[in-house]
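Trainee: I would like to go through this model and hear the grounds for each term used. Please put it up first.

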Amino acid sequence: MSASTIEKVCVIGAGTMGAGIAAQVANAGVPVLLLDIVPKDGDDRDAVAKGAVAKMLKTDPAPFMSKAAAKLVETGNIEDHLERVAECDWIVEAIVERLDIKQNLYAKLEKLKKPGAAVSSNTSTIPLEKLIDGRGEEFRSSFLITHFFNPPRYMRLIEIVRGPHTDAAVADRVVDFVDRKLGKRVVPTKDTPGFIANRIGTYWLAVAVNAAMDQGLTIEEADQIGGKPMGVPKTGIFGLIDLVGIDLMPLLTESLTANLPKGDPYFDTVRDQPLIERMIAEGRTGRKAGSGFYSFEKKTRTKRALDFATGEYRDPVKPQRLPPRAEGDLHALTNAPGKTGPYAWEILGKVLAYSASLVGEAADDITAIDDAMKLGYNWKYGPFELIDRLGPGRLAERLEKEGREVPAILKTAGERPFYRVEDGQRQYLGLDGTYHDVVRAEGVLMLEDIKRKSKPLIRNGSAALWDAGDGVAVLEFTAKMNALDGEVMKLIGKAVPLVAEKFKALVVYNEGSNFSAGANLGLAMFAVNIAAWSEIEKLIAGGQDAYKALKYAPFPVVSAPAGLALGGGCEILLHSDAVQAHAESYIGLVECGVGLVPGWGGCGEMLDRWRNMPKQPKGPMPPVTKVFEIVSTATVAKSAAEAKGYGFLRESDGVTMNRDRLLADAKAKALSLVDGYTPPEAPEFKLPGAGGKAALMLAVDGFRKRGMATPYDAVVADALAEVLTGGNADLTDTVTEKNMLALEREHFMKLVRDPRTQARVESMLETGKPLRN
Amino acid sequence: MRNTVIAGYVRSPFHLAGKGALARVRPDDLAAQTIRGLVEKTGVKAEDIEDIVMGCAFPEGEQGFNIARLVGLLADLPISVGGMTVNRFCGSSMSAIHIAAGQIAIGAGEAFICAGIESMSRVPMTGFNPMPNPELAKKSAAYMSMGETAENVAQNYNLTREEQDQFAARSQAKAEAAIKAGHFTDEIIPIATRNGTVDTDGTPRPGTTAEALGGLKPAFDQNGTVTAGTSSPLTDGASAVLVTSEDYAKEHGLPILARIKSVAISGCNPETMGLGPIESSRKALERAGISADQLDVIELNEAFASQSLAVIRDLGLDESKVNPDGGAIAIGHPLGATGARIVGKAAALLKRDGGKYALATQCIGGGQGIATVLEAV
């Protein structure tokens, strides 16, 4: 069955998780009924669910991708509206973690739901078998656990537990829906306490916190050793606990200790934590409270750290640098002198052994465990990838030497790695001691896999061109952070004739965390510092030529962004015939933020977009005003849906919810454009000229007076206004695309020579934050 | 010279632009319903109407194509009734009345509908294609934002934030009292919308206190004193008055509200456009041969609290006679519609509360003032 058979969803429980799940269903364009209890006070019986939606509309980062999505959530209460679950194909229960209350609800749902409609619980602690106790056959066969992670929009993991009675077709339908529509990567999990991610994650945090205190490390030292070298995200161990909420820790401990089998290593981590108890008692529960392991002082925007000895905050102390080898080599890290080696080993030795011991128990294979930790805790490497980096033999040897149990799969592995590549195919080691292919979900196409199996058609230091099969080539950015530079433009120059000769279509795509945050500013600043103005102008002209070559190439070009697509990364989208965007694409022309104007054709392309937008008033000003508003304020759309509202994407552009399916969707989109493809014609503009610019600058003046724009903002806005209104053009003149490019170059070059622009760029490079000069 | 009288006054409910109950109503439909209401309410013979003179500050988009003529057709007035759109920004529909008075004086008609319309929801305050003369923009304040001019007036007259907040709170309180007393039910023509009939104002904020207003941030200048609470809100609304020769009104038994005694226009500095009423009112009073203290009713358009206070102070007006039913800060200011509203209101108040003379006056963006003196008949 396909996902389309789930056409309406009901979420019961409008807490953070339930409301967030409902929002994500709505983000997928599927109507959703969100029910919660009737409040004790007040006249509005739907107030709880309504309040949850209202709160989400104010939450940042936003649970909703668009205002339209929010309208797909219908609110109600379980006393008056429960029978409406009969309208729904999938009912998600996300109420309080109390078995009796859940069972009570299921007893009611059993009578009301339509046959075959799936029911799932978002429980993170209660075994499936207990949940369905007392229910009839139909209910049992429709029931499964769908364990989302918080926040449901942004966390890509979902753990799914099928019970022995669960009907495969019902479960497959839900799996297909959460994969394609909700964009989650499904990790099949066994019905064991905490499933995979939270079981390992909670253990990991407990081990790391205990060891930091036992071994006399500061918070900063612990986060330094247990953070980046192990592929843990920047928040670090203590930052993560602050984010989750320190008050949640005892609850997790309680639930795990109640459910885990006797002898589980987790019990060894449980101990009295007077400091943590005190912090909870004092309300220092983490980020939401303003202080936890770190305290965040809003006024001074400084972060202070907890002193384990005193329980008070002190200024942060930067720890000594790790020995250089220990930064990237886990063996060196665990053997480093001083505090480093023992702390690293305490974490890795325990957590990796624990993870290995769960193969077969909590998951069928190691890929599920690695996926769960990478997607549920944002680890860069899964536990078994970490073991490969440390050396499976070394890990087993040291565990053995210390008299600790060596998990079965580690013994099975011996000196062999958990992952290998055979004939371009990635394989993992199974419990049976043989290697199996890592199989992607049906229909998933990853550049990572293509790259493993083939060589690039052409490549240089910043980009590469790959054959994605079926006559589609893929242009990949490869520089650090996918920054765009002259090399990328040169490669585009070479790729266009090559694709024209040998392929049907081109997809611009990569698998970095961000599609591209724009031009390589560091390189640009280097050129500025040696006053190589002609080089900068060449870079601008080269980018313009490359992007226009893509636009007018004799084959369709589809760009497929995910994550940030800013500045030049946005401009390449604007030059594409179509875009297939990941729903989590953050698109914008942000040049003004660093004191510049879009220089690679973005101004003309945006004007062309906006003058063709439906429902726009006639005349030369409306498109100019819109583009000016969007670009002068460096607006970044916070989702693909929002990007359509700004004109960064067209209405006809595609949106893919599941990151893993982006390339396949983009390829299909590109192939759909091949038949009868003709390149677009160059636009010609009628622009308002000096009168229009005067209107824009009057508005800027108002922003200045209100304190919403800085003096230099006004200078940059003046340049942008000049470009967008056509420079010296009269209202009756025809402004060509070439004229627009020349205007962009002229004003870009004028601004880049200004020391105030240079100060902005430098600040961005140094702090990552815009300078408001 | 033939006398001109105001023989009827109506308006639509006023609602906030963008989010109000009239935001989804086309301005031509809004004006047509209002005019139809005036004809029905006064009982004037429609075929006697010479012309519809309609004020509109941004006559484009749905307010374009000579909206006055279109509104006549929409309102099913006889085909013989003309239509003329007038633009003097905020003074547009007061000018419409002045034009009609002039036409009557030279014998070019007996009865006129003088109306005003502005849907600030549907046509933005700058129009859709603002293209100022760049040279003029450099050398003068002709295009300065209205909020900035209000700040300039506050500064020139040393008006404090507190004085402005208190004035605005008084305007809200007067409007609240007028609503409670049912003073608006007579003048409001219910408007049919897609979501049902709208027959009350959405603009006033009953219960507003100066203290609450004190909490608002400056709206136009971060170091300034003018806030959204001491400014008239962006508003959707229409107004219409029946202007006839005195002879015609008497002959046909029309309910005469007041006679037009004198009118005046005067230009002033664009950067303090809010002071426009001072000179125009002086001129009109002089032409009427009366002094300010002889006025019984004053309808002074409250574009901003600051300019209202400056005008009251400069002309030496008795504030207790100013805007007895509240002003634009509470009721709203649909640019093109305000002039006819305050002339009609001043005339109606003379009739309702008694008295001899009334003044209606307002400031105009770009630096002008306009004034009308009425006398009881």
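Trainee: Which residues of helix 5 of chain B are buried?

Mentor: This is a predicted model, so every value is computed from predicted coordinates. The buried residues of helix 5 of chain B are M146(B), G147(B), E148(B), T149(B), A150(B), E151(B), N152(B), V153(B) and A154(B).

Trainee: What makes helix 5 of chain B largely enclosed?

Mentor: A residue is called buried if 20 or more other C-beta atoms lie within 10 Å of its own. Nine of the eleven residues of this helix, which covers residues 146-156, are buried, so the rest of the structure largely encloses it. The packing partners of those buried residues are helix 6 (161-180) and helix 10 (305-315) of chain B, along with helix 29 (689-705) of chain A. Just after helix 5 of chain B, N158(B) has a positive phi of about 50°.

Trainee: How do you know that D236(B) is buried?

Mentor: By counting: the cut-off is 20 or more other C-beta atoms within 10 Å, and D236(B) has 31, so it is buried. D236(B) sits in strand 8 (residues 235-245) of chain B.

Trainee: Which residues does D236(B) touch, leaving out those up to four places away in sequence?

Mentor: They are H15(B), A17(B), G20(B), L22(B), A23(B), S119(B), M120(B), S121(B) and P334(B). As for R24(B), it lies 212 residues from D236(B) along the chain, and their C-alpha atoms are 9.9 Å apart.

Trainee: Into which domains is chain A divided?

Mentor: Chain A has domain 1 (3-188), domain 2 (197-429), domain 3 (447-589 + 638-680) and domain 4 (591-635 + 681-773). The centres of domain 2 and domain 4 of chain A, taken over C-alpha atoms, are separated by 48 Å.

Trainee: What makes strand 9 and strand 11 of chain A edge strands?

Mentor: The open sheet concerned has three strands in the order 9-10-11 (chain A), paired antiparallel. Strand 9 (294-297) and strand 11 (313-314) of chain A each pair on one side only, and that makes them the edges.

Trainee: How do you know that strand 9 and strand 10 of chain A pair?

Mentor: Pairing needs at least two bridges. Four bridges join strand 9 to strand 10 (residues 302-306) of chain A, and the two run antiparallel. R304(A) in strand 10 is the bridge partner of S295(A).

Trainee: Which residues have the most contacts inside the largest nonpolar core?

Mentor: They are V32(A), L34(A), V507(A) and L720(A), in a core of 249 residues. Helix 8 (residues 197-214) of chain A gives the most to this core, eleven residues. Leaving aside neighbours within four places in sequence, L720(A) is in contact with C592(A), V597(A), F628(A), V631(A) and S632(A). A second, separate core has 117 residues, including A32(B), A100(B), V198(B) and L350(B).

Trainee: How many residues of each chain meet where chain A and chain B are in contact?

Mentor: 17 residues of chain A are in contact with 16 residues of chain B. On the side of chain A that touches chain B, helix 26 (621-632) and helix 29 of chain A each supply at least two residues. The largest share, nine residues, comes from helix 29 of chain A. That side of chain A divides into nine nonpolar, five polar and three charged residues.

How values were computed:
Residues are numbered from 1 along each chain as its sequence is written. Chains are lettered from A and ligands numbered from 1 in the order in which they are written. This is a predicted model: local features need pLDDT of at least 70, side-chain atom pairs count only at pLDDT 80 or more; totals for chains, interfaces and linings use all residues. A residue is buried if 20 or more other C-beta atoms lie within 10 Å of its own, exposed if 12 or fewer, and partly exposed in between; C-beta atoms are placed from the backbone. Two residues are in contact if their C-beta atoms, placed from the backbone, lie within 7 Å. Ala, Val, Leu, Ile, Met, Phe, Trp, Tyr, Cys and Pro count as nonpolar, Asp, Glu, Lys and Arg as charged, and the others, Gly among them, as polar. A nonpolar core is a set of buried Ala, Val, Leu, Ile, Met, Phe, Trp, Tyr and Cys residues joined through C-beta atoms within 7 Å. Domain bounds come from an automatic or database domain assignment.
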